[in-house]
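Here are my notes on the model you sent. Please read them with the structure open beside you.

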Amino acid sequence: MLQIDRWKRILIIGICLLGLAYAMPNLFYKRVEAHNDAVATIEKTGVTTPELIAARDGWPGWLPSGLVNLGLDLRGGAHLLGEVQVAEVYKARMDALWPELRRALADERATLGAVRRAIAPEGVLKIEIGNADQLPRAVEIVRGFSDPVTTLSGAGQSSLDIRAEGNAVTIQLSEAEKAVTDDRTIQQSLEIVRRRVDEVGTREPTIMRQGSDRILIQVPGIGSAAELKALIGTTAKLTFNSVLGTGGDPDARVGPGQVVLPAADQEGVYYTIDDSPVVTGEELTDALPSTDQNGMPSVDFRFNPSGARKFGAYTSANVGQPFAIVLDDQVISAPVIRQAITTGSGQISGSMDFAEANRLAVLLRAGALPAELTFLEERTIGPELGQDSIDAGRVASAVGFVAVIALMVLSYGLFGVFASIALAINMGMIFGVLSMIGATLTLPGIAGIVLTIGMAVDANVLVFERIREELRTARGPARAIELGYEKAMSAIVDANITTLIIAAILFVLGSGPVKGFAVTLTIGIVTSVFTALWVTRLMTVTWFERARPRQIEV
Amino acid sequence: MAFRLKLVPDHTEFDFFRWQWLTVGISAAMMLASVVLLLLNGLNFGIDFKGGTTIRTESTQAVDVGAYREALQPLGLGDVAITEVFDPTFGPEQNVAQVRISAQEGTEAVTPETIAAVEAALQEVDSSITFPSVESVGPKVSGELIQTAIYAVLVSLAAISVYIWLRFEWQFAVGAIVSLAHDVLVTMGVFALFQIKFDLTTIAALLTIVGYSINDTVVVFDRLRENLMKYKQRPLRDLMNLSVNETLSRTVMTSGTTLVALIALLVLGGDVIRGFVFAITFGILIGTYSSVYVAKNVVLWLGVKRDWSKKTKDDASPFSGAEAP
């Protein structure tokens, strides 16, 4: 007969109350947000100001305080998809390998003959030796620089791919080593982007890896993507190189291992420098904005001990020679070494204003990106547009909701009222679950909710129509209700599983807003089946027990 | 409790196959027309799929498309499309336009200089202009997005047909797939006809249509399966009619509630998601039609094995056997 166990009743009501409790903070969005921010700030900094405490106490701590995250299209902010140029690292590795190899090979000049670097594509090191018949010996020496790669798939492979041909040894990173390097490059890039974004201190930035060599960055509340790009798009690769010549020709012919770079502040001046740096920005421990002796903005920096040692050795050996401070392939300045610098600290000055000096210091502190980041996709959404969308979505949801309720009540009377209450609970639960799992609500997500309003009643419609049919065969109202729920089940299950399949595919393949749609659709399906089947059933049964109607009309 | 809104009378005996050939003809013609439109007109791809930049402008002054165009002319950006956006939710001082610049030859990444130049040029024309959103997608990403979108649609169709095949019979799966393909194709045809912007969210809309349409189809199939077991001797055609008639009230009611909610969103939800909502709304209409006409016609042609008694598989489905005599 028509009944539901007591524990089931308690469970159903409990789940509903829980869902609604988690949804409730969203009604007081601003206040709860201020509370959450204040709690986070106090926890992070330990500082308590009257404003922070007031904000924190604006919402009782024992209540749920999870909120639905608003997506960028609703809150406004910047979205960037960057691609890390992982191949640059191959080149850097080869360029760094060359001086070491040259030293090792030069030690055996007696047998190998003259050693020189030949022109080769980027990321490839080609070394020619004088005595071609001694090539096996050269290969042996080079092999000494190769390490075994430790990965799951690349076990047994070594880090360098070495080929001998004629009088030349061609060296590049092996495929296994490239894979390992790529992974490390992306991890480093992620870390550095994260540090740079954190320095600016915006709320809840999303920084995550996407695919093999991409980074997705979403920063809510930032004015424009260009602003964000200026911060994270700069490689900030700082090197100190020896200067081999100065000239006005950007296409001057240079030997292997040398490059021509433009001066940052002087139009038409180009320096020929040695491509292998003496010291790099990785060996910096600190950087601070300051002023030089002329009162112009500059950046003070300090090397770590090993950097200081290298820099000291180089400057003492090259007194009277110029050296170049190179930032992202531009020579910021090329001072002449007046005396050996052994203190391990120095200053970068050049044409920059105080804001630029400050940004450069931030970038140097956060560290250089291991490779350049190019941007494939960028989106800026203004906060007003987002607010407009929220308002429009809110109005549309309310109107849709009322219209659906009207249709249901007109069609099914009291049962329509039950379904409408269930629908309201359903809406609350969708927000509750979204808040609980910290999911992000996007504009298509709002559409997903509105669609759910329309579709949520489907399960109820199936049941009610079925009850109507069963009533015609006149088995008494209790039996009809019971059969109605029972027999509609198979159709409800099939219909919702197919929709779930779609939602899952959208979630896996979609990105950003589409993913948000998939999330609300999925949650909507689950909560609507629950409310439509169990909540309305509970209401129906409770009503039936009280009223004991001899006949019912659906 | 006396009054009841009855969209469909209690007992209907429509012959849904009376116009069988007409409906098949209409469906086939619509699909054919869609293919032709897609080939001739093509889709109006948004930047998600074509690459390029869209800039949304908002101003207190009226939008002068001609002046905008003139201002951007000297920049030599190639194909620039400027459209004014109208929406009932806009205030009187809110004049919105959309500037779309196609992907620049030979540049993979997006150049901020171009965007800055465009913004400066537009500010010359109208000093009160603001740019509530700027979106750029490089050609590399857009290529991949197309690929992913096509996968998404195909994988969904495949997954659903497998599910239907497992739960019902293969004939039902074929019927479901044909009707889904019909819905997707015709919706795309409408997008080609009216040159509505086709972007990533449109794909989400297409998949939602697939989900909704299969929902409808499954409900009727479910009833058909039940009736096939109940009336072992009646011809398939009669049973199909019976099943559609029995579920007609539900079909109309659910489509009705969903449409009511969607129309609210279409009118009041703002212009940003209008294309998306339009696709879903249209799809629900076409999906309701196709599950009544297309899916069942296919199953009728293919026929269904009627001897259910020897099968044990269906006893596993929890509620279908409840009415067995």
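Which strand of chain B is joined to β18(A), and how many bridges join them? The points below start there; keep in mind that this is a predicted model.

1. The strand is β5 of chain B, residues 130-137. Five bridges join β18(A) to β5(B), and the two strands run antiparallel. To find the place on screen, look for Ile381(A), which stands opposite Ser133(B) in β5(B).

2. Next, the contact between the two chains. Chain A gives 64 residues to this contact and chain B gives 63. On the side of chain A, the elements that supply two or more residues are α9 (225-232), β18 (373-381), α12 (383-436), α13 (443-472), α14 (477-509) and α15 (512-547). The largest share comes from α12(A), with 18 residues. Sorted by class, the side of chain A that touches chain B has 39 nonpolar, 13 polar and 12 charged residues.

3. Chain A is assigned three domains. Domain 1 is made of two stretches, 6-26 and 384-547. Domain 2 covers 87-177, and domain 3 covers 239-348. Between the C-alpha centres of domain 1 and domain 2 of chain A the distance is 66 Å.

4. Helix α5 of chain A, residues 87-106, deserves a check of its length. Its 20 residues should span 28 Å at 1.5 Å a residue, and the end C-alpha atoms are 29 Å apart, so the two values agree. The helix also has a kink of about 30° at Trp98(A), shortly before the proline Pro99(A). The buried residues of α5(A) are Val89(A), Tyr90(A), Ala92(A), Met94(A), Leu101(A) and Leu105(A).

5. For chain B the assignment gives two domains. Domain 1 takes in 20-44 and 142-306, while domain 2 is 52-137. Their centres, taken over C-alpha atoms, are separated by 37 Å. How many residues of each are in contact with the other? Five residues of domain 1 of chain B contact five residues of domain 2 of chain B. On the side of domain 1, these are two nonpolar, two polar and one charged by class.

6. Last, helix α9 of chain B, residues 274-292. From first C-alpha to last, this helix of 19 residues reaches 27 Å, close to the 27 Å expected at 1.5 Å a residue. Is α9(B) mostly covered or mostly uncovered? It is mostly covered, with 15 of the 19 residues of α9(B) buried.

Notes. Residues are numbered from 1 along each chain as its sequence is written. Chains are lettered from A and ligands numbered from 1 in the order in which they are written. This is a predicted model: local features need pLDDT of at least 70, side-chain atom pairs count only at pLDDT 80 or more; totals for chains, interfaces and linings use all residues. Domain bounds come from an automatic or database domain assignment. Two residues are in contact if their C-beta atoms, placed from the backbone, lie within 7 Å. Helices (H or I, at least four residues) and strands (E, at least two) are DSSP runs, numbered from the N terminus. Ala, Val, Leu, Ile, Met, Phe, Trp, Tyr, Cys and Pro count as nonpolar, Asp, Glu, Lys and Arg as charged, and the others, Gly among them, as polar. Two strands pair if DSSP finds at least two bridges between them. The expected span of a helix is 1.5 Å times one less than its number of residues. The bend at a residue is the angle between axes fitted to the seven residues ending there and the seven starting there. A residue is buried if 20 or more other C-beta atoms lie within 10 Å of its own, exposed if 12 or fewer, and partly exposed in between; C-beta atoms are placed from the backbone.
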